[in-house]
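Good morning, colleagues. Please look at the structure on the screen while I take you through two parts of it.

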Amino acid sequence: MPLVTTTNMFKKAYEGGYAIGAFNVNNMEIVQGITEAAGELNSPIILQVSAGARKYANHTYLTKLVEAALVENPNIPIALHLDHGADFEICKSCIDGGFTSVMIDASHHAFDENIEITRKVVDYAHERGVVVEAELGQLAGVEDDVKVAAEDASYTHPDEVEEFVDRTGVDSLAIAIGTSHGAFKFKPGQKPMLRFDILDEVSKRLPNFPIVLHGASSVSQEYVKIIQANGGNLADAIGIPEDMLRQAARSAVCKINIDSDLRLALTAGVREVMWNHPEKFDPREYLKVGRQYVKDVVAHKITTVLGSEGKAPECL
Ligand SMILES: [Zn+2]
């Protein structure tokens, strides 16, 4: 089946108290790991591409890899989404290039400017049957080209969300409630905290409207340990506790973004083989293990965090 938009996925996720995983793709092994897990668990899924991924693998390779995944997994709905579109031009390029969803991230601009830029993308996208995610508030951390210092990060102001959604016509909204990009989300000893009060306030003001959580990797210590034991150096990598993410998935949060956890899983697999078998030089031998770990981590997310297992038929 062809790519779908996220409209029906979000409607069902909202009603059913689960969330759709949005997993970042950068190469064949990651696409395969994610979609094999989703296919076996009958879960709807969003594959998302950042500007950094387009620079690394190029638009054509990525979209063709996703097309191959559609052929291999005909029974699950898959949306293809641009993660953190920085301006109208990149959003237009992805809309014209076959994506079914784009994010315009103008959150670092002033409120009215954010609205103006977002509105322009929404107009262009909706005319072509593509949906749009925008952001209010700013997450700390580093993800590809998006870098925000902790002191510049800001929570979403709930009193701005209705006006923003009304004036932009956007289809979903990413909010900042304490998640952050990257593998070092909290300092050692710091108690991880998400502002569920802000999420509650936002969802009261936007009934039935899908909310998106960025920077929501758990930084699974299982994979950090493998990396550490095999020559890596990722001490103090800390993520969002999974019970908090599960709580968010039961609420108005319909899309949870996961990137760092995939990077860690792939790296753990590759390191494990290379560190233990310095004589090996066939890329298939270490990438195969990396791909399996990506698949394992995605399966774990679907069943334990997102709650989207078995939901493919209702989202088709
Ligand atoms: Zn993000």
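I shall speak about a metal site and then about a pair of helices. Please bear in mind that this is a predicted model.

Let us begin with the zinc ion. Its protein donors are His84, through NE2, His181, also through NE2, and His214, through ND1. Along the sequence, the donor residues follow the spacing H-x96-H-x32-H. Histidine 84 and histidine 181 are 97 residues apart, and the pair links distant parts of the chain. Histidine 84 belongs to strand E3, residues 78–85, whereas histidine 181 sits in the loop between strand E8, residues 172–175, and helix H8, residues 196–205.

Are these two histidines buried or exposed? The cut-off for buried is under 20% relative accessible area. Histidine 84 has a relative accessibility of 8%, so it counts as buried. Histidine 181 has 6%, and therefore counts as buried too.

I turn now to the helices. Helix H5 covers residues 88–96 and helix H6 covers residues 111–127. Their axes are 10 Å apart and form an angle of about 10°. Angles under 35 degrees count as roughly parallel, and H5 is therefore roughly parallel to H6. The crossing of H5 past H6 is right-handed.

Which residues meet in this contact? From H5 come Phe88, Cys91, Lys92, Ile95 and Asp96; from H6 come Lys120, Val121, Tyr124 and Ala125. Six of the contact residues are nonpolar, three are charged and none is polar.

Thank you for your attention.

Note on methods. Residues are numbered from 1 along each chain as its sequence is written. This is a predicted model: local features need pLDDT of at least 70, side-chain atom pairs count only at pLDDT 80 or more; totals for chains, interfaces and linings use all residues. Side-chain values use heavy atoms; hydrogens and water are left out. Axes are lines fitted to C-alpha atoms, for helices over the stretch in contact, and angles run from 0 to 180 degrees between N-to-C directions. Helices (H or I, at least four residues) and strands (E, at least two) are DSSP runs, numbered from the N terminus. Angles under 35 degrees count as roughly parallel, over 145 as roughly antiparallel, 65 to 115 as roughly perpendicular and the rest as oblique. A crossing is left-handed if the near helix is turned anticlockwise from the far one by less than a right angle, and right-handed if clockwise. Contact means heavy atoms within 4.5 Å. Ala, Val, Leu, Ile, Met, Phe, Trp, Tyr, Cys and Pro count as nonpolar, Asp, Glu, Lys and Arg as charged, and the others, Gly among them, as polar. Donors are N, O and S atoms within 2.8 Å of the metal (3.2 Å for Na, K and Ca); water is not among the atoms, so sites may look incomplete. Buried means under 20% relative accessible area, exposed over 50%, partly exposed in between (1.4 Å probe, protein chains only).
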